Amino acid sequence: MRGVVYRAFRGTFHLLPSMLLVVGVQTWFHWGLVSQDLVALFSLTIGGVALCLIREHRRSAWNCVLFHALYNAAMLRQWSLCVIGMIIALGWCACRPRPRTDA
Amino acid sequence: MRLIQSPRSQVSWTARDGFICSLALVLSSFALNRALHTAYAGSAGFANWVRANSYFAESMFVSLRACLWLGLAYWVTRNRSLKTFLHQAGFDLRPGLPGWFLAWAALGFGILVLQCVKMGFGQAHDPASAYARGGGFHWEFFVIYTVLLTQRWKSC
């Protein structure tokens, strides 16, 4: 969603309309839940906006995946998975790939 | 109205692509649901298998949908190569340290939502415990696909 749809909307529209459109599509997919729960609607909207802002300011869409994955793990109360995942993610985030040297 | 400048090898994605892609995702999801519903109603064997392995079947369905969406996004955006597609979608770079710190914010936000539900501000949905009852493999599969691919229940 953030990788393709948001980037496509940003190719034409400014930040706010693009965010609104993406959050709208996202809400459609969660309609069964958000139509009967205000907390779910609130968390979905805030989360959707946060993901769009991350995509806007960071070049890699993996940042959005990481953000979403941690939120999902918290929702499932998988605390050990959160810690293990974040340790692995730290290694992935901190290590920069070596520049290529053509022999 | 403005367009993002891109190298010649890339296709400039515009709102048209965004709308087509969104529509494709919605329609494919709807079609997949209808196909499964028809198969469930029309085939006793399939219905029995789904009843016996409901958690696994749902996990497989969501994984299948994720693959379908990825394929559709690639097809709709008219990219010449998978490499170009991944580059434009932002999947060719690793996440950075700011992203890692933001993930902790997501964890905090998730805990905040859980607290809101606990305090009675929202409804409790607990698919996690239902999947846990489904057995070890079902539970592991559920956690992997839910954490990495989707989150259908925003508040447990």
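**Reading two chains in contact**

Tutor: Chain B has seven helices and zero strands. Please keep in mind throughout that this is a predicted model.

Student: In what pattern do these elements follow one another along chain B?

Tutor: Read along the sequence, the pattern of chain B is α-α-α-α-α-α-α. Of its 156 residues, 40% count as buried. Among the contacts in chain B with a separation of 6 or more, 68% join residues 24 or more positions apart.

Student: How is the size of an interface described?

Tutor: An interface is often described by the accessible area that is lost when the parts come together. Here, the area buried between chain A and chain B is about 5700 Å², and carbon and sulfur atoms give 71% of that area. Three residues, Arg59(A), Met75(A) and Leu76(A), supply 12% of the area that chain A buries against chain B, more than any other three residues.

Student: How many residues does each chain bring to the contact?

Tutor: Chain A brings 60 residues and chain B brings 64 residues. Between the two chains, 12 residue pairs are in polar contact, counting pairs with both residues at pLDDT 80 or more. On the side of chain A that touches chain B, the elements giving two or more residues are α1 (2-10), α2 (15-29), α4 (38-57), α5 (62-75) and α6 (79-94) of chain A. Of these, α5(A) gives the most, with 13 residues. By class, that side of chain A has 39 nonpolar, 13 polar and eight charged residues.

Student: Which residues does Leu70(A) contact, leaving aside its neighbours within four places in sequence?

Tutor: With those neighbours left aside, Leu70(A) is in contact with Cys82(A) and Met86(A), and also with Ala103(B), Ala106(B) and Leu107(B).

Student: How many salt bridges does the structure hold over all chains?

Tutor: Over all chains there are two salt bridges. In one of them, the side chains of Glu56(A) and Arg10(A) meet at 2.8 Å, N to O. Glu56(A) lies in helix α4 of chain A and Arg10(A) in helix α1 of chain A, so the pair ties together parts that are 46 residues apart in sequence.

Student: Are Glu56(A) and Arg10(A) buried or partly exposed?

Tutor: Since buried means under 20% relative accessible area, Arg10(A) is buried at 8%, whereas Glu56(A), at 23%, counts as partly exposed.

Student: Which residues form the salt bridge between chain A and chain B?

Tutor: One salt bridge is counted between the chains, and the side chains of Arg59(A) and Asp92(B) meet in it at 3.3 Å, N to O. The pair crosses from the loop between α4 and α5 of chain A, where Arg59(A) lies, to the loop between α4 (82-89) and α5 of chain B, where Asp92(B) lies. Arg59(A) is partly exposed, with a relative accessible area of 36%, and Asp92(B) is partly exposed, with 38%.

Conventions:
Residues are numbered from 1 along each chain as its sequence is written. Chains are lettered from A and ligands numbered from 1 in the order in which they are written. This is a predicted model: local features need pLDDT of at least 70, side-chain atom pairs count only at pLDDT 80 or more; totals for chains, interfaces and linings use all residues. Side-chain values use heavy atoms; hydrogens and water are left out. Contact means heavy atoms within 4.5 Å. Buried area is the accessible area (1.4 Å probe) that two parts lose on being put together, summed over both. A salt bridge is a side-chain nitrogen of Lys or Arg within 4 Å of a carboxyl oxygen of Asp or Glu. A polar contact is a pair of N or O atoms within 3.5 Å; within protein, one must be able to donate a hydrogen and the other to accept it, and residues adjacent in sequence count only if both atoms are side-chain atoms. Helices (H or I, at least four residues) and strands (E, at least two) are DSSP runs, numbered from the N terminus. Ala, Val, Leu, Ile, Met, Phe, Trp, Tyr, Cys and Pro count as nonpolar, Asp, Glu, Lys and Arg as charged, and the others, Gly among them, as polar. Buried means under 20% relative accessible area, exposed over 50%, partly exposed in between (1.4 Å probe, protein chains only).
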